[in-house]
Amino acid sequence: MSDVVEKTLTALPSLLALNSQPGAAKLSSTSRLALFIRNITQLTSKHEEEKLIKNELAAIKDQLSSPNTSMRQMRELMVRAMYCEMLGYEADFAYIHAIKLAQQGTVLEKRVGYLAVSLFLNETHELLLLLVNTVLKDLHSTNLIEVCMALTVVSQIFPKEMIPAVLPMVEEKLSHPKEIIRRKAVLALYKFYLIAPNQVQHIHGKFRKALCDKDPGVMTSALHIYLQMIKESPDTYKDLTGSFVTILRQVVGGKLPLDFNYHSVPAPWLQIQLLRILSLLGREDQSMSELMYDILDESLRRAEMNHNITYAILYECVKAIYTIHPKAELLEKAARCIGNFVLSPKINLKYLGLKALTYVVQHDAKLALQHQMTIIECLDHSDLIIRRETLELLFRITNAQNVTVIVEKMLGFLRLCDDDYTIIDLVGKVAELAEKYAPDNEWFIQTMNVVFSLGGDLMTTDIPSSFLRLFAEGSENEDEDRQLRLYAVDSYLAILMGDCSRLPQHFIQVISWVLGEYSCLKKDVEQQEAFRLLRKLLEQKGVSSETKSWVLSALTKLREGPGCAELALELAESLSSSLDTVLRQQAHELGILSQDSELNTRVLPHAAPWDSIEVDSSLSFLDGFVAEALAAGAAPYKPPHQRQEELTQQRALSLEPYGLSLPISLSSCTLTDRQSPTFLSMSSGLSANSTEPSHRTGENTLMLEGVKRVWGKEGYIPQKEPSGSTAAVEEPSDEVQSPHQQAAAETSQPEPEPEPPRLDQEKQQLASSLFVGLGTENSMSLMSKTETTAPRFKRKVRQQESASLSLTGTSEISSNSSHSSHNTTDSFLYGGLLEEEPAVPVQGSYHALKPTSANGSQSISAISENKSSATVSVKDTRQPNSSQILGDMVIVRPNKLVEEALVPPQNCNKPHPSTVPRNSDPIVQQLPSELRELPHSDIISLTSDPHLSVSCCRVFREDALLLVLLLFNPTETALKHVAVELSCKELEKASLRGNVMESLESRNSSVCRYTLLMETPQTQVAYTGSVSYQTQPGHTHKLPFSGKLSTTDFIRPLKLSTEEYGKLWLSLSNDVKQNLKLLTDAADPLTATLNALKDSLQLHIVDLIGTEGIMACRLLRGAPCLMHCRVHGVSLAVWLRSPLPSLPDCLLYHCQRALQGH
């Protein structure tokens, strides 16, 4: 600490002195500051520090207010105020003086003033307005130092509202003759791009000029902007790949000045930036990746010095190699580099190796097997960070065979951990693994009990919510559900009989809910005993009001047992005077329900199914009240985000000069917001807990070979070593051979086996338990991924529209549903050394599949040989005048027979609307000619009255859904002032046409069209509207109408090749698995089922191999959804993936509906 103090005292005089000459004046001006710093370092308690700094701030405030304070003293006072602020004590009285110091005085005073302003103020501080003119004046200055200070302050604290005031001046500085000015101008523009990208769109060309600047510092600054822009839209900047490769080659070759070297490493941070850029540009692009292979190889070769900065470069190289299109030689070198990191005795390098191995193990599980003993040693490492990263690695390779051992290791680490972040993270991981891979009910309940106990109130609420939802929804096996609930009741009753004083609040809430719902299943336990145990929790100290509400709700459900009614009345009376209004309300309800058995049965039915409760989420029962309030002048409701935006706009600082008053008809031009790409997910695509390695080869074949199995149930399996063999090296082979070549090589020349390591039996057994399931016994699927074991608990799918199900008279039964949680999928790459976004896994190996036709409209019969007889032909069931769009979408003008035979009705949750005859009704002729050729639905009647009838038709455009409303006047008089209004909160209205008409003549019709887009996928959305018109002046009529749309109206086929499908599959993280009905009556069930889904849902069939098929579609917004189908007995196992969490669920729902009619 003394060294730091001495260095501070040495540097301060040069900051505060007017000249560099030593003298008594300089020492006297700094003596007060030096004495203050020394006094601070000698204090022994927080109280003494607060007292000293309080007195110091009072003295500074008095001197700043004095009119006799010189500029020299002002500088010294400002430095002391900054020191107090840095220690955490507010000196707001000095803020205005810092701005004054930046506005006047010499360069040295300005320097101190700008420094103080940058430390004191933030982007939202109101005093920043006083600094605008000063910054503008300094930007026009001829003094380089003043310009540099102004640019520095602009890039640090200027908000986006002030950007228009300084942007022209900053833009001019890009062509300044001095490189330091150009560099600071580029950094200021980088800040502008981060906070307001739409305001710097017009100068993107100047960014390229900065990239080609002759000064390396300016070029380095420009890389920050390009890294951000390439992250958002890599395809736009593919043409710069060669330039970035050339720059990196010059940097690695030592072409930059020596000033950029760090420990003899040429510009290491510049290399790291370029490697990150190249990894983004080469992702899923073989041609771009081939430009990078040589320079990546050279970077790996040159970065071999034993220094931390070279290790950072190697780490970025490894990530880049595993991100771009694979090359066998580079993969081998990257694997060797990871091995060197993991085996290093240095803690930093070992952590770096574990972090890289955690990322790479998703692509190549062999690396984890090669270093299994090192990983086991890391579990007992003295450094907690190493142990935590090792557990993260084990979490990524967990499967049903090793889950018990890995969860035991995680819980053991949790018991010794006191870091809140680590506890929250590990608790979520253990809960996820327990639900996904639980071997039996007993293990699952006991593990979750430990999770709730160790996680306490730090865990997120979604963990207990998901746990309780599992109990409520159950699975397809009712016996398993009953056994699980019974064991949970036994476990929680035993816990309540013990000491409950230290139970966390979340755990008490879970116990209360389970006992309230399912204690009645336990016949040998009296309800009165459970009632007594739960009531004891209400009297316990430390129980929060929210938890007491949970307990009281459980007691309300238990009051039916013998002797419980009296206890319930007694409890209700005791809580009737509680100060907590919620508890008092619940106590009142408990008392009423205990006295009225009929009301009790109706409100809380016994053993009611979890999905039988109908919830009116739209609160339609309040519509009348809302309408009356609006009519009385009340303001309409605005969501919180809209209110916040309006408040922000009101407070926003307007820096635009006053202009001329223009006519209202002249609209002002505005810059559109910059759109970021939404087609592909930027996540790593690594499914949490996945044990599915994606083999990297350049061949388009399915790799079935894995790692040699050397571990068994009893530990290491000794194998005979051929004579003359040497110990195997932990490196991949130099050549990548085909499966047939590898098989021939193994039979003719057996590989040398390593000698059995002389380790103790415990570690050998632990290794065999941890790494089981990663060998060759894993079966491979079409997606070149290993088949994971079916999860223990297969959730049922909650139906979104319970009201619609009651209309159809059918219920949806779903089975084998497994929703993978990916909240932590990409988190393992964040928070570590040299963080960046996780890279998308590179292309795996696939079967050589036949490509689709040019228009993408071929049926499965064109793909699968010898299966044409089983293919359901699309064209055979269509009208003769059908047309085609997007390959697989066929115009929807089916007759009634075709609709009932092939395509289940989209809106089957309501009575099927009557179709309008095409030849007899004049409305059909009014459909615009440009829409008649597009795929569209039948025209259905929405509503009518004696004066007007309203019909609708859905037109399926490639980029949007067109809802066409047709208005027909059947009367002999004209209708005046006709206006159509349509509202739907779940949909976005991109445009509209024809919604207002001055007159609708008699026996005439008119067309109103709305262009609709779905932002968030929903199973079904309802739209409402009204048509207002006048039959006579002053007599206005309003005709309401309503209808429903489904997700399938916004789905379009996505044409992909098999290779593109595989790459996109790896980049998507939200997935859903489900078993669907298989059309077993057909000669080829898989072909018939996929054709039925294709016809009904407008899916594109990518390919079919054996018993597996792959399909693709997209939402109109551009979000893709991929479907992998595999015949599983008499069912069709479907796996859907999409970047949108709700899209797979919606599509799965409609798949079930589509197959019901077959």
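This is a predicted model: local features need pLDDT of at least 70, side-chain atom pairs count only at pLDDT 80 or more; totals for chains, interfaces and linings use all residues.
Residues are numbered from 1 along each chain as its sequence is written, and side-chain values use heavy atoms, with hydrogens and water left out.

**The whole protein**

The protein has 43 helices and 22 strands. These are DSSP runs numbered from the N terminus: helices are H or I with at least four residues, strands are E with at least two. Of its 1158 residues, 51% are buried. Here, buried means under 20% relative accessible area, exposed means over 50%, and partly exposed is in between, using a 1.4 Å probe and protein chains only. Now for contacts, meaning heavy atoms within 4.5 Å: among those with a separation of 6 or more, 71% are between residues 24 or more positions apart. The protein exposes about 55600 Å², and carbon and sulfur atoms supply 52% of that area. Accessible areas come from the Shrake-Rupley method with a 1.4 Å probe, and for residues only the protein chains shown count as cover.

**Back to helix α15**

Helix α15 covers residues 286–302, which is 17 residues. Its expected span is 1.5 Å times one less than its number of residues. The buried residues of α15 include M288, S289, M292, Y293 and I295. What covers the buried residues includes α13 (241–252), α14 (268–282), α16 (308–321) and α17 (328–342).

**Charged pairs**

Side chains of opposite charge can pair when their charged atoms come close. A salt bridge is counted when a side-chain nitrogen of Lys or Arg is within 4 Å of a carboxyl oxygen of Asp or Glu. A search of the whole structure turns up 29 of them. Here are some examples:

| Pair | N to O distance |
|---|---|
| R276 and E316 | 3.5 Å |
| E298 and R302 | 3.0 Å |
| R535 and E539 | 4.0 Å |

E298 and R302 both belong to helix α15, four residues apart, or about one turn of the helix. E298 has a relative accessible area of 15%, so it counts as buried, whereas R302, at 46%, is partly exposed.

Elsewhere, salt bridges that share partners join R32, E56, E76 and R80 into one network.

**A nonpolar patch**

On the surface, L619, F621, L622, F625, V626 and L630 form a nonpolar patch with about 590 Å² of accessible area together. Patches are made of residues with over 30% relative accessible area and no salt bridge; like charges are joined within 9 Å, and nonpolar side chains (Val, Leu, Ile, Met, Phe, Trp, Tyr) within 5 Å. Why does F621 count as exposed? Because its relative accessible area is 59%. F621 lies in the loop between α32 (597–603) and α33 (623–631).
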